[in-house]
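My entries follow in the order in which I made them.

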Amino acid sequence: MAHKTTSDIGEFGLIERISAIVAPTLSASEGLVQGIGDDCAVWRPASGQVEVASTDLLIEQVHFDLLTTPARHLGSKAISVNASDICAMNALPRHALVSIAVPPSLPVEMIEQLYLGMAAAAREYGIAIAGGDTSSSRSGLVISVTVTGEAPEDSLTYRKGAQPGDLVCVTGTLGGSAAGLRVLTREKLIMMEHLENNETYSRNLMADLEEYSGAIQQHLLPLARLDIVDLLHERGASPSAMIDVSDGLGQDLRHICRASGTGALLQENRIPVNSTARLIADELQDDALAWAISGGEDYQLLFTMSKEEYEKISDLRDISVIGAVTPKEEGILLRDIYGITIDLEALPGFDHFR
Ligand code: ADP
Ligand code: MG
């Protein structure tokens, strides 16, 4: 029998299946009063905390390609990128609302895989998927995820708090996502060529690309750094400004500097470039450092912190000090290993409209 499509089971059939898949996430939320099934989701905020919320749109052919992205990974990523925004406020994610617009011809199984991925990621972060909306789409698949979170008001970290003299820190490694995307794009071209020549394409993507998995994982399954937010809270270490690296280190640092009215000076040799990205860059004769600075989508946390606060976390290997905040007049610069400075304000970042 052919695959069941969403037009076969209809909106309510689809919502029923979705509801069953996300049910296990509901236990994550102590405060949840009403999940899927009424006109609104209802939850009780924890006492003494403020609510934060963030939303992201994912559009087929703009943000993802179903040829190179397994639906389950896409679901996981959709939750992770929103959880990452909540983490970037130094808050903890709590609830999600998910809206989808689905082409009627799409196999139901794909939507189920999408929600299995979302539910798995949600459980990882302690997020309850509490509702959403479902529509048909005349072009591609559209996914909109809204995540709410909570934090004591005085521990929220904005982009605007950086002070000259603060350290600039970043978690994990950078450039992996951009490198993974390059590999997947190359693979897609090979696949298209095979299809055009009527040859079979029988590679097991993940197995054959094993040596690149560090980067492909980073692209398809980025993780929000909730672990770092937990650590910051545990240690009582307060960043002065924070953002997640979605557009690229250079661009996201610019966001912090603009909001804070400061400059910054980064040291090239301190930037933690993803090791698989280096390998891929060598092979493609490209530049892994450029991916680390302009690639984006690594979803690491970029933050500034006073030296005194940093003492509380200086033993953590997964946080790199990559530079310092400077007065605004000094600009936003990167000093390379020869001591030559590059103007980061002149570098391109990701912009949807260009
Ligand atoms: P309404 O007519 O008020 O939009 P729906 O029939 O669309 O209500 O939704 C019924 C319930 O299912 C609501 O609780 C809603 O939050 C939930 N829901 C609908 N679509 C989705 C989805 N794609 N993901 C998660 N929950 C959904
Ligand atoms: Mg609806």
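I took helices (H or I, at least four residues) and strands (E, at least two) as DSSP runs, numbered from the N terminus. This is a predicted model, so I kept to its limits: local features need pLDDT of at least 70, side-chain atom pairs count only at pLDDT 80 or more, and totals for chains, interfaces and linings use all residues. Residues are numbered from 1 along each chain as its sequence is written, chains are lettered from A and ligands numbered from 1 in the order in which they are written, and side-chain values use heavy atoms, with hydrogens and water left out.

Entry: positive phi.
I looked up Tyr 299 and found it in the loop between helix 10 and strand 10 (301-305). Its phi is positive, about 55°, although Tyr 299 is not a glycine. For burial I used relative accessible area: buried is under 20%, exposed over 50%, partly exposed in between (1.4 Å probe, protein chains only). Tyr 299 counts as buried at 9% relative accessibility. Gln 285, also not a glycine, has a positive phi near 50°. I placed Gln 285 in the loop between helix 9 (275-284) and helix 10 (288-294). Gln 285 is exposed, with a relative accessible area of 76%.

Entry: domains.
I took the domain bounds from an automatic or database domain assignment. The assignment gives domain 1 (6-155) and domain 2 (167-180 + 214-346). Their C-alpha centres lie 28 Å apart. Contact here means heavy atoms within 4.5 Å. The contact takes 19 residues from domain 1 and 19 residues from domain 2.

Entry: cores.
I counted as a nonpolar core a set of buried Ala, Val, Leu, Ile, Met, Phe, Trp, Tyr and Cys residues joined through side-chain atoms within 4.5 Å. The largest such core has 55 residues, and those touching the most other members include Ile 79, Tyr 115, Leu 141, Ile 143 and Ile 313. Helix 3 (residues 108-125) gives the most to this core, nine residues. Why does this core lie between domain 1 and domain 2? Both domains give residues to it, so it lies between them. Another core, of 38 residues, lies apart from it, with Ala 178, Ile 256, Ala 292 and Leu 302 among its members.
I then listed what Ile 143 touches, leaving out residues up to four places away in sequence: among them are Asp 56, Leu 58, Phe 64, Ala 78, Ser 99 and Leu 114.

Entry: strands 4 and 5.
I counted strands as paired if DSSP finds at least two bridges between them. Strand 4 (residues 92-102) and strand 5 (residues 128-136) run parallel and are joined by eight bridges. Ser 99 stands opposite Asp 133 in strand 5.

Entry: Leu 32.
I found Leu 32 in strand 1 (residues 32-34). Leu 32 is buried at 18% relative accessible area. Beyond its neighbours within four places in sequence, Leu 32 is in contact with Leu 26, Val 42, Trp 43, His 95 and Ala 130. Leu 32 and Ala 130 are 98 residues apart along the chain, and their C-alpha atoms are separated by 8.1 Å.

Entry: cysteines.
I searched for disulfides (a pair of cysteine sulfur atoms within 2.5 Å) and the structure holds zero. For Cys 87 the nearest cysteine sulfur is that of Cys 169, 17 Å away. Cys 87 is buried, with a relative accessible area of 0%. For Cys 257 the nearest cysteine sulfur is again that of Cys 169, 13 Å away. Cys 257 is buried too, at 4%.
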